[in-house]
Amino acid sequence: MTGRDHTKVHEAHHIHARQAPQHFYNSQPGPAYVHDMETYKKMYKESIENPEEFFGKMGRDFLHWDRPFTKVQSGSLENGDVAWFLNGELNASYNCVDRHAFANPDKPALIYEADDEADNKIITFGELLREVSKVAGVLKSWGVKKGDTVAVYLPMIPSTVIAMLAIARLGAVHSVIFAGFSSGSMKDRIVDAGCKVLITCDEGRRGGKTIHTKKIVDEGLNGVDSVSHILVFQRTGTEGIPMKAGRDFWWHEETAKQRGYFPPVSCNAEDPLFLLYTSGSTGSPKGVVHSTGGYLLGAALTTRYVFDIHPEDVLFTAGDVGWITGHTYALYGPLALGTTSIIFESTPAYPDYGRYWRIIQRHKATHFYVAPTALRLIKRVGEQEISKYDISSLRVLGSVGEPISPELWEWYHKTIGNENCVICDTMWQTESGSHLIAPLAGAVPTKPGSASVPFFGVNAAIIDPVTGVELPENDVEGVLAVKSPWPSMARSIWNNHAHYINTYMKPYPGYYFTGDGAGRDHDGYYWIRGRVDDVVNVSGHRLSTAEIEASLGNNEAVSEAAVIGIADELTGQAVIAFVSLKNSAHPANPLEGESTADELHRELILQVRGEIGPFASPKCIIIVKDLPKTRSGKIMRRVLRKIASNEADQLGDLSTLANADIVPSLIDAVNVQFLEKLKKK
């Protein structure tokens with residue numbers, strides 16, 4: 001795909017942040033590492049103009065090296081041969097565990113908030129070192145060595161973090177598979193990565209329900225003979241869990257045979273640390289490859305500077321390590337800094353909507369990092385719980401997974417932050433490894449809805465998708481790209497480097513293509529518009545779906561909206577909007593109450609016409625109970641696009657959907673509210 005193919009963005013480059021508030025929120029005063037905008041600008045300029053010196057110093061300051069690197073960076077984006085910290089050797093497990101265990105063994109490393117709060121526990125750095133060493137010893141006894149891939153299929157429990165660090169301790173490559181994936185999705189990832197060992201558990205617990213994890217594993221590995229060993233952690237201790245002789249072994253029995261210290265294996269900075277699979281619209285999932293040195297430094301730097309994390313702080317990242325957010329900001333970022341990390345097994349609604357706030361009150365969390373999806377849920381049905389708890393320990397509030405709307409930003413700032421916290425709206429990807437665009441707490445004033453400014457080393461650019469030319473001025477719209485390498489960027493796709501080059505480097509030669517549309521306003525702040533394939537071209541008007549969604553969301557009846565474009569004989573593409581409503585706004589079944597639906601349909605059409613223009617009017621507004629979302633909170637618009645295009649039999653990989661069970665109801669809603677009406681016309 002060439003740059004000329006990415007034409008689905010605003011036609012007028014000067015249109016920017018149309019409905020977003022333009023006033024700044026000043027960061028809170030205090031002893032921040034970067035204490036003002038001028039300091040940020042100076043450090044950012046140095047990171048772009050002299051990355052060798054800037055990141056060389058950062059690499060030496062933040063990481064422990066077994067062997068010093070001899071060159072900071074080589075290679076180019078265009079050639080796809082980027083490398084950082086050449087000839088340097090280190091171990092990620094040592095950097096995250098040993099050096100902190102030696103200095104302060106009794107400091108909490110992990111605070112485990114279990115599904116059942118009676119099972120909560122705290123694990124110190126000293127305890128973490130012993131447990132990681134024992135699991136590393138087990139894996140070593142099974143023949144796992146540097147470069148081997150090991151799969152981890154576990155819920156968000158301490159053993160998951162221990163397993164990841166144990167694999168890294170050996171110089172092996174972990175491939176974490178989210179424990180909510182089906183047996184088939186798990187199998188695909190294990191086979192693609194060539195894993196010979198899998199670490200899992202007997203059962204999981206989530207929202208008070210039991211998940212039959214080992215049963216799913218057995219189903220997925222039926223007929224897969226390449227997995228020689230499975231280590232099974234007893235999460236629930238339920239009797240009668242099937243164990244295959246010679247392949248399946250209990251965690252507690254095997255670790256009891258190992259000593260409490262296992263020496264870490266030195267790895268080259270460019271050796272892979274982990275694979276993390278992403279799903280596309282077609283084909284099998286792709287394993288994104290992250291390096292050891294560059295990734296670990298990116299995780300540490302962004303955790304420290306974006307969140308302004310200090311040694312005494314407690315970071316609560318409400319994300320699973322089955323996704324990149326959990327990898328970077330629940331595990332590697334905070335632990336590399338020796339910071340206490342809260343890991344959360346349950347849901348924000350179990351046993352009630354006060355769960356998040358009890359966690360923050362109980363552990364005096366200073367930082368809270370969560371997806372807008374969870375915030376919308378709480379705002380909608382759980383807001384009354386917030387005032388019951390003392391969450392005044394919070395200093396920084398983060399948002400991740402999707403752009404946060406200005407309205408929700410304001411609510412987050414006032415209701416959760418009590419107008420005393422910095423809001424860090426962070427833009428990044430599995431492929432970026434760490435934050436690309438985000439404010440630095442304590443330094444960068446923020447704007448509701450804007451991801452703000454690029455992080456150190458991220459040479460961000462806005463490109464005109466029609467000409468492929470960079471737009472260097474402010475007040476522009478286009479696609480977001482990066483024009484020089486940064487340390488934590490993914491190095492490849494597992495066993496498919498050509499796909500890596502074609503996807504990220506070929507669309508705009510000399511640039512890394514993020515796949516997102518974006519604007520840069522008059523202050524140089526970035527506004528993320530969403531994926532470029534989520535932009536509609538109607539009669540030559542290139543419309544950001546995010547803009548139409550924002551207009552629909554301004555209606556008091558609307559909970560969430562997702563806009564897609566489908567082929568249209570007359571206009572090229574037509575706007576189709578999927579809308580979920582607030583509890584009181586519509587009958588429980590969105591397919592009932594036709595007159596109410598028709599009235600709301602007209603009201604929403606007029607709203608879009610009035611706020612954006614007649615050309616932006618949706619051809620159809622489909623009322624649904626919920627929208628299809630990934631576990632990280634992103635609306636999977638390609639599913640909606642396929643269904644609305646009458647291609648429900650071509651949905652592709654749905655393994656990343658958190659609520660795949662709603663797909664049949666979406667198909668029914670489209671058939672009744674759209675396709676059947678088209679036939680009548």
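**A cavity, a helix and a sheet**

The largest cavity holds about 80 Å³ of space. This comes from a predicted model, in which local features need pLDDT of at least 70, side-chain atom pairs count only at pLDDT 80 or more, and totals for chains, interfaces and linings use all residues. Residues are numbered from 1 along each chain as its sequence is written, and side-chain values use heavy atoms, with hydrogens and water left out.

A cavity here is a set of points, on a 1 Å grid over the protein atoms alone, where a 1.4 Å probe fits but cannot get out, and lining residues have an atom within 4 Å of a point. Among the residues lining the largest cavity are Phe55, Gly298, Leu301, Thr302 and Trp486. By class, the lining has 7 nonpolar, 5 polar and no charged residues, with Gly counted as polar. Helix α9 gives the most to this lining, with 3 residues.

So what does α9 look like? Helices are DSSP runs of H or I with at least four residues, and strands are runs of E with at least two. In α9, 13 of the 14 residues are buried (under 20% relative accessible area, 1.4 Å probe, protein chains only).

Elsewhere, 7 strands form an open sheet with mixed pairing, in the order β5-β4-β17-β16-β18-β19-β20; strands pair if DSSP finds at least two bridges between them. β5 and β20 stand at the edges with a single partner strand each, so one side of each is left without a neighbour in the sheet.

Technical notes
Buried means under 20% relative accessible area, exposed over 50%, partly exposed in between (1.4 Å probe, protein chains only). On a 1 Å grid over the protein atoms alone, a cavity is a set of points where a 1.4 Å probe fits but cannot get out, and a pocket is an open set with protein on both sides within 12 Å along at least five of seven lines; lining residues have an atom within 4 Å of a point. Grid points are joined across faces, edges and corners, and a volume is the space filled by probe spheres set on the points.
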